[in-house]
Amino acid sequence: MRILLVASAFNSLTQRVYAELRDLRHPVELHLAGDDDALRGVLRRWAPDLVIAPMLRTALPRDVWSSLPCLIVHPGPPGDRGPSSLDWAIHEGAADWGVTVLQADEVMDAGAVWATAACPLPPVGKSDLYRNEVSDAAVEAVLRAVERFASGTFTPRPQSGPDWRAPDHTRPLLRQEVRRIDWAGDDTDTVLRKLRAADSRPGVLDDLLGAAWYLHGGHPEPVLRGRPGDLLATRAGAVCRATSDGAVWIPELRRRRHPGGPATVKLPAVLALGDALPALPELPAPLLPERDDAPAWSDIRYREDGPVGRLRFSFPGGAMSTGHCRRLLDAYRFALDRPTSVLVLGGGRDFFSNGIHLNVIEAAPDPAAESWANINAIDDLVEAVLTTTDRLVVAALGGNAAAGGVMLALAADEVWCRQGVVLNPHYRLMGLHGSEYWTYTLPRRVGAAEAARLTGRALPIGAAAALRARLVDRVLPCAPRDFGRETDRLAGLLAASPTAQDRIAAKKAARDADELVKPLAAHRREELAVMHRQFFTPREPYHALRSAFVHKRPAPAAVSTPD
């Protein structure tokens, strides 16, 4: 069945729906919304059987939805309506939620229902939920709706009449005056709900050190206390701020844009505040806590269970700055000094990695120099993984990965991912050749022809297709909350396998043989020669594409990416 996806952006959910439908052999095209005449032109040329809108900020034109079935994916259960559905659910502390696939109609979110799916809402940020529990439910509902449409026998259920039991719960846009934090009055749980409901967009507008900032993300602090609203400490680029009964860690900030002023970007909080930040103690969390249930927040944490080491990390948006890469490399080296035979890299529930930190680069005094420092820092990390020959390394992807993040995973001996993960193993859309030793690891895994296809087509690939292409070795069909436990269990079985030591010995021999054919240093030198030119030549597409990506603007039409 020919399906046209219409979306305001090719975001994580749209990419996953795209990948899942293509896995089912449906011909799928994507159109980015914004120009109604362009949409009409695509409809004439493509002649789809069905239109699906996984993420749409504006209504479809009446002549479009009245002429062919258009299914809207709404991130709320039946009866829920409004533009801030998931935000309100988190803000109010809902434990359960859902996704509804409904037919486009005159009234937003009020069309007949084709399918629904329920999902839990654990206490994590909105963007994490959207990419995981909500995404799982959305795909379940979309595929059920597509199957029902294809059958030709299903009649969607109108949201009115005697058979409709869900109450009409229409809510307005969740505005900043409601999101605003009362530091003296709000307890820590309330502050965290407000921060989590806005962690990616739009952030919580607040006054901090005499300026207006958007706060992004929040984690509880179990020990520190202070006068509500005061900054207490820093850790790994985040700031700790006192609440009425405790404190929270805030990883990222974005300065409010002044009318007519330059655009601002979301940055690690300490970097964003710069010289305005008063002298505060840096309080690093222990890499290897004495207690396994230690609640102190940290973006990098090491655990150990007999022969299995687990190095977990979680950076906002999956972006890894120069500092992130260097700290993770230090932690990796620490893990290598531990007496284990299997090391799991990752295993968290959200993004694995998306490679270099484009926001930090964009905000740097010299973006080219920061790009160069960042790519070399992540290359150092990947090299350390590639040259680990005394144990087996497993990359465990509980969430999506892209560009250098995919290549970091491919440096491991095995790659495991959760069902529902979407990979983007390419750099082309950012105008880059890429590094992270991908010219060695990607062809080694999938073959030269498939490596050229993946990097050249620059399309997302779902977990099932990644398994077929040998991009990953194992797909775990589990809920996001269970992925860490499942990877720990499987890593224990791998370490106990009677062939584990033989595999380690064979791995070292294979690495030595590959080094004789072409040293890793040669791959890095060739990759970085191209990257240096792309970073330090102002007319290269990378600079305009990076700026457009960071500031959420359409990619410049005049800028072409390399073939």
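Tutor: One cut-off before we start: a residue is buried under 20% relative accessible area, exposed over 50%, and partly exposed in between. Keep in mind that this is a predicted model.
Student: Okay, so is lysine 508 buried, exposed or partly exposed?
Tutor: Lysine 508 has 41% relative accessibility, so it counts as partly exposed.
Student: And which residue does lysine 508 meet in a salt bridge?
Tutor: Aspartate 512, at 3.1 Å from N to O. Both sit in helix α18, residues 500–517, and they're 4 residues apart, about one turn of the helix. Aspartate 512 is partly exposed as well, at 39%.
Student: Where do arginine 62 and glutamate 106 lie?
Tutor: Arginine 62 is in helix α3 (62–65), while glutamate 106 is in the loop between β6 and β7, so the pair ties together parts 44 residues apart in sequence. Glutamate 106 is exposed, at 53%.
Student: New topic: what about aspartate 186, buried or exposed?
Tutor: Buried, with a relative accessible area of 12%. Aspartate 186 forms a salt bridge with lysine 194, where the closest N and O atoms are 2.8 Å apart. Lysine 194 counts as buried too, at 11%.

Definitions and conventions: Residues are numbered from 1 along each chain as its sequence is written. This is a predicted model: local features need pLDDT of at least 70, side-chain atom pairs count only at pLDDT 80 or more; totals for chains, interfaces and linings use all residues. Side-chain values use heavy atoms; hydrogens and water are left out. Helices (H or I, at least four residues) and strands (E, at least two) are DSSP runs, numbered from the N terminus. Buried means under 20% relative accessible area, exposed over 50%, partly exposed in between (1.4 Å probe, protein chains only). A salt bridge is a side-chain nitrogen of Lys or Arg within 4 Å of a carboxyl oxygen of Asp or Glu.
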